[in-house]
Amino acid sequence: MLQIYSSHSKKKEPFKPIHQGKVGIYVCGMTVYDYCHLGHARSMVTFDVITRYLRVRGYAVNYVRNITDIDDKIINRAHENGEDITALTERFIEAMFEDEAALYILRPDKEPRATDNIPSIIELIETLMAKDVAYLAENNDVYYEVAKFDDYGKLSHRDTDESTQAGARIAIGEAKKDPLDFVLWKAAKPGEPQWDSPWGPGRPGWHIECSAMSMNCLGESFDMHGGGFDLLFPHHENELAQSEAATGKPFVNTWIHAGFLQINKEKMSKSLGNFFTIRDVLKEYHPEVVRYFLISSHYRSPLNYSTESLGIARGALERFYIALRDLPAAECPKDTEFEKRFHDSMDDDFNTPLALAVLFDLTREINRIREDQLELAAQYGALLRKMAGVLGILNQAPESYLQGSGDSDSDDEVAKIKGLIAARNQARKDKDFAKADSLRDELTNMGIAIEDGADGTVWRRS
Ligand SMILES: [Zn+2]
């Protein structure tokens, strides 16, 4: 039985889909004004693994992740750059697609954009106005009136007094009745993108786009809503308040939040100088190493990025690939204890560290039996790949991974290594063993281990 931790109830609950055999899941996506950073990668990989596993469990999954392509940050960045807003958002949407593909993240089924959904956003605000839980302020902004929704705070477990104390305030230029009220529609300012509405020209607030697009794609009540933990309050609290006030129905059954990512035990921030984009990290590490690192901790636990943790990830992948190397093709065995344990781990709130432990046990077994029971070892190899596929790792042929060494080597360095290996092979052919040995020493000094096999010489980082 699949159990999932709900941020709402704060406990693991057995998963029961609203429609048998189907899962509707909405995840808050990127605001596209810059490159995705490692924290984004964690959230993206978390929900990639969750949706992959739900599909393995036989569910027809409808995975929706929005793209926020109109927002203050976008407008400000475009002005700073002197760039057209659409040119800026298109550029970073493309970059996001590239980063995702590099990390083996499968694209969601739907990726609605806020600017393509303005009519349904306006319609939802009209419903909230008709129900008298939203109001038009003097400055022509439309606000949601939090005091009218009794359950406000139920998701993030805050009472409204506490939230008020936590620093909600009315900023200059805002015209709301209460500090907790939040904007649904912003009246147009000069030089900003704008759309016509019953309240005059303007643009949507951030929270309302997610309520409109999620219910558009998945219905008024759906199974799962996810995002990074930082979105729990106020974003998800506000989404819930808007949606349930509009429909009178439960909005979401299970709220899922991915934990924070730290850098050397500190918060990642530009001001601390420890801010990494996905592309920064991929210059240093092979994408599978980064992906392994991102799933090496349970998705709700804090995850710490350090040279050491990436080194552990690299070592782990190398062990898997070395076990898979030179195994003949074989059918995947059915109903093994290994696969049962893997499913039990994933059924327990998608516990990827436990699932990885099963992969290690299987790897040890492959190594133990490969001399005497090659056929069974090969079958286990197929099983290892199958289970790893649910986690999105071991996507490559062992040879090409090990020769690529788990690093993004520069072309120059790879050319040099290959050159030395070719020279050594020539020296051996010429029976100049002293020269061959000295070339091997040179490679060893570069941290490169080589192995001579039937298919030629293979190298990897030692
Ligand atoms: Zn959202």
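The domain bounds used in this report come from an automatic or database domain assignment, and the model to which they are applied is a predicted one.

For this chain, the assignment gives domain 1 (16–262), domain 2 (285–404) and domain 3 (411–461). The centres of domain 1 and domain 2, taken over C-alpha atoms, are separated by 35 Å. To the contact between these two domains, domain 1 contributes 19 residues and domain 2 contributes 19 residues. On the side of domain 1 that touches domain 2, the elements giving two or more residues are helix H1 (38–56) and strand E11 (261–263), and the largest share, 11 residues, comes from H1. By class, this side of domain 1 has 13 nonpolar, 3 polar and 3 charged residues.

As to the chain as a whole, it has 16 helices and 15 strands, and its C-alpha atoms fill a box of roughly 90 × 55 × 35 Å along the principal axes. Of the 462 residues in the chain, 39% are buried. When contacts between residues at least 6 apart in sequence are considered, 72% of them join residues at least 24 apart.

| Helix pair | Angle | Axis separation |
|---|---|---|
| H12 (residues 352–369) and H13 (residues 374–391) | about 165° | 9 Å |
| H6 (residues 206–218) and H7 (residues 232–247) | about 55° | 9 Å |

Helices H12 and H13 pack at an angle of about 165°. Because angles over 145 degrees count as roughly antiparallel, H12 is described as roughly antiparallel to H13, and the crossing of the two is left-handed. The residues that make this contact include Leu 359, Leu 362, Ile 366 and Ile 369 of H12, and Leu 376, Tyr 380, Leu 384 and Met 387 of H13. By class, the contact of H12 with H13 has 13 nonpolar, 3 polar and 1 charged residues.

Helices H6 and H7 pack at an angle of about 55°, which means that H6 is oblique to H7. H6 passes H7 in a right-handed crossing. The contact is made by His 207, Ile 208, Cys 210, Ser 211 and Met 215 of H6, together with His 235, Asn 238, Glu 239, Gln 242 and Ser 243 of H7. By class, the contact of H6 with H7 has 3 nonpolar, 6 polar and 1 charged residues.

How values were computed. Residues numbered from 1 in each chain as written. Predicted model: local features only at pLDDT ≥ 70, side-chain atom pairs only at ≥ 80, totals over all residues. Axes fitted to C-alpha atoms, helices over the stretch in contact; angles between N-to-C directions. Helix = DSSP H or I, 4+ residues; strand = E, 2+ residues; numbered from the N terminus. Parallel < 35°, antiparallel > 145°, perpendicular 65-115°, else oblique. Left-handed = near helix turned anticlockwise from the far one by under 90°. Contact = placed C-beta atoms within 7 Å. Nonpolar A, V, L, I, M, F, W, Y, C, P; charged D, E, K, R; others polar. Buried ≥ 20, exposed ≤ 12 C-beta atoms within 10 Å, placed from the backbone.
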